[in-house]
Structures are given as structure tokens and as C-alpha cells.
Amino acid sequence: MKIAVIGSGNVGGALAQQWIKAGHTVLIGANFPLSGKSIELATKIGEDRFAVIENAVKQCDVILIATPATAIFDIIQQMGDVSGKVIIDASNAVMKGPEPYPTVYHCLADRTSAAIVKCFNTTGFENMLNPVYNNERIDMFMAGDSDKAKETARQLALDCGFGGCIDFGKADKVVLLEQFALSWINLAIMQGNGRDMAFKVVRR
Ligand SMILES: NC(=O)c1ccc[n+]([C@@H]2O[C@H](COP(=O)([O-])OP(=O)(O)OC[C@H]3O[C@@H](n4cnc5c(N)ncnc54)[C@H](OP(=O)(O)O)[C@@H]3O)[C@@H](O)[C@H]2O)c1
């Protein structure tokens, strides 16, 4: 796949590295001149993989949003035409959301005609870089109305090394998926268990 990663921080950087390893074409949509975490990522994957957001989006079929939720209005303007493309929303609006929308997913659904899915928001970025615990692959989770976007997210989760990508349901479950992310944050950070923990669905 050709993937535009918008946001070159913890999450964007981790997923970009995993998808490059899996053989995908990845372009980072960034603000120039590159600063901070973008420079750090460029030393790992090469500066030739960075482009202005509009150009990265034009050249790709899949777009990952891995920025603070409040940046989405600015990003929608910079992306240009996204019709026919898949957008994966990995953001969380737990601290500050894209008001008046509850989540970035809702904002994208209202303001673009792309196929959207919420995914890669429910676990720490370290688990995206290494989703294997004691030889077992942890799970990723997703929600949204588009089957096409979900199929793309599922494949990209498997390509990252996740064991599965569990479907939480349609758009009415997107807020629940952000609360699920908050559950991981609660256990890992607020309750002091540390970031080396993850969720996996087991079945009998
Ligand atoms: N950290 C985690 O483990 C984790 C896990 C799951 C989900 N999430 C969610 O994923 C999102 C990103 O988290 P993160 O930890 O990766 O954040 P981060 O390390 O702070 O990176 C954020 C990135 O967004 C970019 N950005 C900010 N405003 C922008 C704008 N207006 N246009 C373009 N790019 C912009 C920043 O670029 P500059 O540096 O150039 O400003 C930076 O590259 C958040 O919504 C977070 O809640 C985080």
C-alpha cells in the first residue's frame, strides 16, 4: 500500500517504521522545516520519505492521522481532496477534543468524503513497535462505518505484527474505543502498572 503518515511523533513514527519493514511505501506528511521528532524519525527512515502534507496525501491511497486531536481542522485543510482514500484515525481526544465533535473520526466523517476507520489508538506506541509478549501477539481494535477502511486497517495491523484486529462495531462505538484507550492509559500510567502491558482477546 501507499500510506501517508500525518504526525511523525511516537505513534506516526512507530507505525511508519513497521509498515516500511513490511514493504509498504510510506510518506510522512510534515511541516517544514522539520523539527524535533520529525528530525529524529528522518535519521531512522530517511528525509526523502518526508513531504508537505498535501503532496504526501496526493501520492497515497491510505492516510494515517497520528497528531493531537485538535490539529485535525488544520490538517483537513492541508490534505486537500481525500475522496476515494482511506483515512485511519489513531488519535485520542481524551484530554482535548476537536470541538464540537467528540472525536477526530466524527470530524472527518462530517467534513470529508473519505472512508474512515478508528484504529491504532488503544495501546501505547511501544506496543506498535513490538506487539509480541512471551511469543504471543497482542490484539489491535477498530471501529467505524466503512468496511473498506476496516479491511485496510486490519491488514496494516497484521503487517505490524498484531495477532488480530478486533472489530468493536460501527461509528456508534468510536467513542467506546477511545474510552478503551483511556482504560489502557489508566492501567498503564495512572495505576502505575507501566507501559509494557497490552490487551488480547482470548476465546474458549
Ligand atoms: N503516545 C501513545 O502511546 C499513543 C497511543 C495511541 C494513540 N495516541 C494518540 O495519537 C496521537 C499522536 O500521539 P503521539 O504520542 O504520537 O504525539 P507526538 O509524539 O506529540 O506527535 C504528534 C505529531 O503531530 C504533529 N502535529 C501536531 N500538530 C500538527 C499539525 N497542525 N499539522 C501537522 N502535524 C501536526 C507533530 O509535529 P511537530 O512535532 O512538527 O509539531 C508531531 O509529529 C494523539 O492523538 C494521541 O492521543 C498516542
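Here are a few questions and answers about the ligand and the residues around it.

This is a predicted model, where local features need pLDDT of at least 70, side-chain atom pairs count only at pLDDT 80 or more, and totals for chains, interfaces and linings use all residues. Residues are numbered from 1 along each chain as its sequence is written, and side-chain values use heavy atoms, with hydrogens and water left out.

Reader: Which residues come nearest to the ligand?
Author: A residue is near a molecule if one of its heavy atoms lies within 4 Å of it. There are 25 residues around the ligand, and the nearest are S8, V11, K37, T67 and D74.

Reader: How do the residues of the shell divide into nonpolar, polar and charged?
Author: Asp, Glu, Lys and Arg count as charged, Ala, Val, Leu, Ile, Met, Phe, Trp, Tyr, Cys and Pro as nonpolar, and the others, Gly among them, as polar. Sorted that way, the shell around the ligand has ten nonpolar, twelve polar and three charged residues.

Reader: How far is a polar side-chain atom of D74 from a nitrogen atom of the ligand?
Author: Let's start with the backbone: F125 has an N or O atom 2.9 Å from a ligand oxygen, and for a polar backbone atom of G9 the distance to a ligand oxygen is 3.3 Å. With D74, a polar side-chain atom and a ligand nitrogen are the pair, and they lie apart by 2.8 Å.

Definitions and conventions. A polar contact is a pair of N or O atoms within 3.5 Å; within protein, one must be able to donate a hydrogen and the other to accept it, and residues adjacent in sequence count only if both atoms are side-chain atoms.
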